[in-house]
Amino acid sequence: MTAAIAGPAEPIALAEGDRLAVDGLELDVRVSARRKRFALTVESDAAVTLHAPQGRPAADALAFVRAHRAWVVAKTAQRERTRPLNPPKRLVEGEVFRYLGRTYRLAVDAERPEDAAVRLVAGCLLLSREQSENPALGRSALVAWYCRAGREWAAGRLQPWAARMGVAEPALDVSDLGGRWGSYRPPGGGAGAGRMSLGWPLFQLPMHLVDYVVAHELAHVRVSGHGADFWRLLGRALPEYEERRTELDELGRRMWMGDLV
């Protein structure tokens, strides 16, 4: 259902799934009986969502959106500048893959066993013919290699950064985090130092950006959330963290996230 609003509206209540057009803005409507006030979000793909209380008329929504139009326009522009541009890959001879900031070519080896682990040899990532012809099999093999290689590399970086920041060294794993670069989970019951998880796509980035994510997650060993204490701790260990965060936002959106064509 589409409700185009260009002026005074009929007192018709908004409904879940409505789409509003307000002064050049297109908004998806989400209605909740638990919500008391209107709210706006700009999604990662720059789509704009209006969250509305149940039973509120469209005219109220128009007034709310117009009052916050400048914020929506600014936030949408920011999202457009940082929208992911992650290109899909092809599992063909010569396709380029990155590891720690360097590029490597894919090599298809017809003699390799179907389920052989991907290996990096002489500047090439070796894939079996069966893996190259089966997207699910090939993707799984490449992701497993990034997890394996990334964990081995990051394990050597964890202790120096933990010592530098004065925090306990958490357990480490590398896995698919659904688009996040890293996460930290505190220990259950207060024992141990918790667990740091790093997303496998992170290891396509240059080493100094992987270090930034490692330091960022280590700061959570001591400080939860992203308040002033968190950034102060991170800044003492990594004074240039703001520059690295900006570089990660720009370069990271161009990394391969696992899509194949």
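Strand 2 and strand 3 form a hairpin, with 2 residues between them. Here a strand is a DSSP run of E at least two residues long, a helix is a run of H or I of at least four residues, and both are numbered from the N terminus. This is a predicted model, in which local features need pLDDT of at least 70, side-chain atom pairs count only at pLDDT 80 or more, and totals for chains, interfaces and linings use all residues. Residues are numbered from 1 along each chain as its sequence is written, and side-chain values use heavy atoms, with hydrogens and water left out.

Let's look at the hairpin. Strand 2 (residues 19-22) pairs with strand 3 (residues 25-32) in the antiparallel sense over 4 bridges; two strands count as paired if DSSP finds at least two bridges between them. Val22 has Leu25 of strand 3 as its bridge partner. Strand 3 also runs parallel to strand 5 (residues 48-53), joined to it by 6 bridges, and Leu27 stands opposite Val48 in strand 5. Strands of a sheet pair through backbone hydrogen bonds, either parallel or antiparallel.

Most residues other than glycine have a negative phi. Which value does phi of Asp23 take? Phi of Asp23 is near 50 degrees, a positive value, and phi of Leu100 is near 50 degrees and positive as well.

An open sheet of 3 strands has the order 10-12-11, with mixed pairing. Its edge strands are strand 10 (171-175) and strand 11 (182-185), each pairing on one side only. Neighbouring strands of this sheet are turned by 20 degrees against each other on average, direction ignored. Strand 11 pairs with strand 12 (residues 195-199) in the antiparallel sense over 4 bridges, and Gly182 has Leu198 of strand 12 as its bridge partner.

Which helix touches strand 10 and strand 12? Helix 4 (residues 135-165) packs on the sheet there, at about 150 degrees to the direction of strand 10. Contact means heavy atoms within 4.5 Å. Axes are lines fitted to C-alpha atoms, for helices over the stretch in contact, and angles run from 0 to 180 degrees between N-to-C directions. Helix 5 (residues 207-222) lies across strand 11 and strand 12, at about 20 degrees to strand 11.
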